[in-house]
There are 2 protein chains.
Amino acid sequence: MALPKQSEDFPAWYQAVVKGAELAEPSLVRGTMVIRPYGFAIWERIQQAVDRRIKETGHENLYFPLLIPSKLLEKEAEHVEGFAPEVAVVTQAGGEKLEEPIVIRPTSETIIWATYAKWIQSYRDLPLLYNQWANVVRWELRPRLFLRTTEFLWQEGHTAHETAEEAMAEARTILERVYRETVEDDMALPVRLGRKSASQRFPGAVETLAMEALMRDGRALQAGTSHYLGQNFAKAYDVKFLGRDGKEDYAWASSWGVSTRLVGGLIMAHGDDAGLRLPPALAPIQVVIVPIYRTDEEKAAVTESLTPAVAALKAAGVRVRTDDREEHRPGYKFNEWELKGVPIRLEIGPKDLAKGEIVLYRRDLRQKSPVPLEGLAEYIPGVLAGIQDELFAQALAFREGRTFRPSSYEELKALVKDPGGFIEALWCGRPSCEERVKADTKATIRALPLDPAPVQGLCIVCGEPATELAVWAQAY
Amino acid sequence: MALPKQSEDFPAWYQAVVKGAELAEPSLVRGTMVIRPYGFAIWERIQQAVDRRIKETGHENLYFPLLIPSKLLEKEAEHVEGFAPEVAVVTQAGGEKLEEPIVIRPTSETIIWATYAKWIQSYRDLPLLYNQWANVVRWELRPRLFLRTTEFLWQEGHTAHETAEEAMAEARTILERVYRETVEDDMALPVRLGRKSASQRFPGAVETLAMEALMRDGRALQAGTSHYLGQNFAKAYDVKFLGRDGKEDYAWASSWGVSTRLVGGLIMAHGDDAGLRLPPALAPIQVVIVPIYRTDEEKAAVTESLTPAVAALKAAGVRVRTDDREEHRPGYKFNEWELKGVPIRLEIGPKDLAKGEIVLYRRDLRQKSPVPLEGLAEYIPGVLAGIQDELFAQALAFREGRTFRPSSYEELKALVKDPGGFIEALWCGRPSCEERVKADTKATIRALPLDPAPVQGLCIVCGEPATELAVWAQAY
């Protein structure tokens with residue numbers, strides 16, 4: 001299975017890895033995908049890592065319906081403008097034409113805030129700290145597996161609060177604690193946190209916060225967003241509460257989500273010319289063992305030596321698999337597991353066995369070394385932790401090497417084009433300058449400081465006094 | 001919150017419990033529901049219990065799309081006949097009218113078998129042992145929360161095999177190991193396993209196996225099904241494989257599912273006039289502590305005494321919550337937690353504290369007794385295990401008391417009406433007799449023996465020689 005080279009054709013490389021590693025494939029309805037078992041097992045671990053932190057920060061899961069009356073979507077003006085062009089509409093059901101069309105949720109603010117109106121009467125009912133794991137549908141004209149699909153899986157949190165400060169703090173907690181920790185600690189992927197400019201905000205949000213990761217082609221991936229919605233949805237769906245001061249007020253809101261898109265980010269941030277490289281924390285298989293033999297006696301000896309080692313590894317909590325398929329040669333297996341990004345491969349043949357050794361191959365470094373078979377189960381967890389750290393360190397070093405501070409607009413344009421990366425530059429805050437950069441380079445503002453502070457200097461685009469330091473990049 | 005009495009108006013009691021315990025509520029699109037956090041936490045635990053066993057028996061999770069081209073549904077004749085009247089149809093998306101209508105999955109055999117055609121070439125590709133957790137939509141004219149909803153959450157397993165025997169064995173394993181163990185061990189709900197008669201089979205199945213539980217109104221609930229599909233879907237979607245014998249054959253299939261309906265079964269099988277009674281294995285809160293005090297000093301003393309006890313309970317893995325809400329009196333709290341079915345309530349006031357005791361209330365028996373505060377964390381897990389067993393024993397005793405063997409058709413009819421339950425009687429195997437029972441009593445055949453054996457005797461309906469012992473009941 002020869003992959004295209006990452007450096008030569010990144011999109012073709014991505015597609016080949018997704019297919020070759022059996023992560024996902026396109027399905028029949030435009031833009032939909034089948035997530036195959038290996039890809040789903042990765043998503044399941046991301047999901048568990050996010051869910052654990054959502055619960056640790058005091059949130060509960062619930063579930064709202066897939067189907068939303070079309071007219072409900074129309075109540076928040078910016079929101080309907082943003083989503084109406086993308087929705088799928090059900091017009092028949094139960095063998096009859098429906099009197100009122102129904103949309104499949106593109107996101108659930110509308111149905112949730114229409115319901116919160118019933119649940120919230122007094123400050124005693126607040127905060128509501130709820131989350132759901134769900135599928136959503138947004139009609140996608142240029143689909144790409146995991147990154148942009150018509151249907152995707154995600155979690156969407158929707159909280160309601162007494163005050164603006166509390167809602168804003170919630171949006172920050174989710175971004176800084178739940179999302180960043182999952183992506184950095186479990187996915188081994190460093191992220192830049194920031195605010196979005198007005199043009200990049202979620203439809204209906206007052207402020208959109210996001211985390212941005214850098215892919216190995218120098219493009220940014222928005223890996224998760226957390227929105228402060230002010231009172232926009234409370235006003236649209238009439239969600240008022242009696243405050244501590246005896247006065248009525250509209251509730252304050254946040255919403256936030258990460259999706260199966262993260263799997264795409266994992267592939268593009270860690271993968272290399274040989275395929276996937278999975279961080280051990282998320283790898284469905286952390287260690288694959290390939291026995292090597294020619295004769296039946298050799299096979300018996302090797303197999304016998306592995307039995308206690310595999311049992312000990314499993315007992316140590318290592319996700320281990322022995323690849324004893326008869327129909328494939330070791331070389332074929334090596335390539336396959338390399339493509340699938342298994343962090344550690346162990347090879348053992350009669351010669352290794354004679355020395356009481358096993359050959360350990362680290363996928364992150366692509367290096368082999370012999371290790372004693374004795375004590376393997378005590379040794380491996382440390383190596384896995386080392387691989388997790390190494391992948392993070394590599395991704396961080398890559399990002400640092402691809403973060404630039406151009407001193408002129410010409411330099412900015414050149415850097416976006418080659419080699420690409422995060423371009424930090426001062427900005428005057430005007431949409432016209434942002435639009436010009438986009439028109440000239442396809443780069444957008446990925447992040448503005450979470451806590452804006454005064455800056456000294458001039459906008460890199462227009463030369464007028466700057467208000468913020470912006471991070472630009474071409475993005476997925 | 002006064003509930004209707006179970007014995008007087010079971011449906012009204014059910015509705016009041018679902019609402020009062022904050023499990024779920026109807027949403028805006030006909031037949032859809034919002035699963036509230038407390039109800040969802042129960043479902044989440046059922047889900048984990050099922051998922052664990054699905055994986056233990058060698059299956060992997062994956063994910064197929066929500067949206068299916070309408071024409072794909074039409075390929076398996078019985079299947080389309082069964083589901084076409086219930087589907088929701090998308091005719092517009094992305095702002096345009098679609099050329100071909102798309103259906104929202106009512107179940108996923110069609111899209112999955114159309115995809116398996118690509119994944120299966122040789123016997124080496126078999127078996128495929130896959131499962132997905134998903135939402136499905138079936139237009140529901142008489143919705144009832146959890147039991148019959150337009151959208152519901154479920155898992156659907158879809159397996160492909162080399163032989164008929166293997167596919168049938170798979171359907172049995174799922175029923176007997178995965179489903180029965182979850183429902184009996186975690187839900188504390190005894191089930192009868194059996195085959196369905198032809199009239200009750202899944203559209204497209206050769207054989208439908210099911211587990212049936214008895215609710216406290218004497219009606220049966222189909223709690224899960226496992227289908228042997230023969231080669232029907234393989235033929236409809238052209239899924240052939242090269243066998244070990246070098247010949248091509250169609251793959252053999254099973255499919256199986258349990259859904260959020262199980263939450264309805266849990267309510268109706270264990271609940272009593274005071275509300276829910278949750279088995280500890282699934283209870284989101286296993287122990288609720290209600291501190292009792294009048295003065296600030298009493299409050300401080302009680303609160304202080306609880307801190308180490310709560311920490312110890314948590315450390316022992318007990319899901320414990322202290323209800324320290326100031327706005328409610330203890331009596332209000334007692335009712336609320338009783339309605340919510342929390343297995344153990346602990347009450348502690350200054351007098352208890354003086355004696356070094358705490359009052360333990362068991363929801364299953366509705367009995368109070370004082371227990372020493374010291375060693376509480378060692379004592380409670382045993383009580384929880386006892387409650388789990390007690391609920392199962394009560395449900396089993398109820399079922400045994402409501403299982404009848406009438407000796408005449410008149411007696412059968414009378415028993416279905418009063419008191420209701422599982423009615424065992426010989427049957428000749430003819431649909432006409434089955435239909436007559438249904439017309440006369442609304443009862444259907446819930447279970448035929450998993451392993452049919454010859455019977456001696458006459459059909460209770462027509463008096464002709466019988467072929468099987470059938471279990472009849474009115475069902476949800």
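This is a predicted model: local features need pLDDT of at least 70, side-chain atom pairs count only at pLDDT 80 or more; totals for chains, interfaces and linings use all residues.
Trainee: What radius of gyration would a compact globule of 476 residues have, and what does chain A have?

Mentor: A compact globule with 476 residues would come out near 23 Å, and chain A has 25 Å, so the two agree. Contacts in chain A tell us something too: among those with a separation of 6 or more, 68% join residues 24 or more positions apart.

Trainee: Let's look at one residue. Why is F146(A) called buried?

Mentor: A residue is buried if 20 or more other C-beta atoms lie within 10 Å of its own. F146(A) has 24 such neighbours, so it counts as buried. You will find F146(A) in the loop between strand 7 and strand 8 of chain A. Its phi is near 70°, a positive value in a residue other than glycine.

Trainee: What makes A188(A) buried?

Mentor: Use the cut-off of 20 again. A188(A) has 27 C-beta neighbours inside 10 Å, so it counts as buried. A188(A) sits in the loop between helix 6 and strand 9 of chain A, and it has a positive phi of about 60° although it is not a glycine.

Trainee: Which residues does D323(B) touch, leaving aside its neighbours within four places in sequence?

Mentor: It is in contact with V288(B), I289(B), V290(B) and K333(B). Take V288(B): it is 35 residues from D323(B) in sequence, yet their C-alpha atoms are 6.8 Å apart in space.

Trainee: Back to chain A. How do you know that both faces of strand 15 are covered?

Mentor: Here is the background: side chains in a regular strand alternate between the two faces of the sheet. In strand 15 of chain A, V287(A), I289(A) and P291(A) lie on one side, V288(A) and V290(A) lie on the other, and all are buried. That is 5 of its 5 residues.

Trainee: Which strands pair with strand 15 of chain A, and what counts as pairing?

Mentor: Two strands pair if there are at least two bridges between them. Strand 15 of chain A has 3 bridges to strand 16 and 5 bridges to strand 17. Both results meet the cut-off, so both count as pairs. Strand 15 runs parallel to strand 16 and parallel to strand 17. As examples, I289(A) stands opposite T322(A) in strand 16, and V288(A) stands opposite R345(A) in strand 17. Strand 15, helix 9 and strand 16 of chain A also make a right-handed β-α-β unit.

Trainee: How do you know that the two chains are related as by a two-fold rotation axis?

Mentor: Chain B can be laid on chain A by a turn of 180° and a shift of 0.0 Å along the axis, with an RMSD of 0.0 Å. The copies are thus related as by a two-fold rotation axis. V90(B) comes closest to that axis of the residues of chain B, at 2.1 Å.

Trainee: Why do we say the copies meet through the same surface?

Mentor: Because 100% of the interface residues of chain B are also interface residues in chain A. The contact takes 45 residues from each of chain B and chain A. Strand 5 gives the most to the side of chain B, with 6 residues. Strand 5 of chain A joins strand 5 of chain B by 5 bridges, running antiparallel, and V90(A) has V90(B) as its bridge partner.

Key:
Residues are numbered from 1 along each chain as its sequence is written. Chains are lettered from A and ligands numbered from 1 in the order in which they are written. A residue is buried if 20 or more other C-beta atoms lie within 10 Å of its own, exposed if 12 or fewer, and partly exposed in between; C-beta atoms are placed from the backbone. Helices (H or I, at least four residues) and strands (E, at least two) are DSSP runs, numbered from the N terminus. A crossover is right-handed if, with the strands pointing away from the viewer, the path from the first strand over the helix to the second runs clockwise. Two residues are in contact if their C-beta atoms, placed from the backbone, lie within 7 Å. The radius of gyration is taken over C-alpha atoms; the globule rule is 2.2 Å times the number of residues to the power 0.38. Copies are superposed by least squares on the C-alpha atoms of residues with pLDDT of at least 70 in both.
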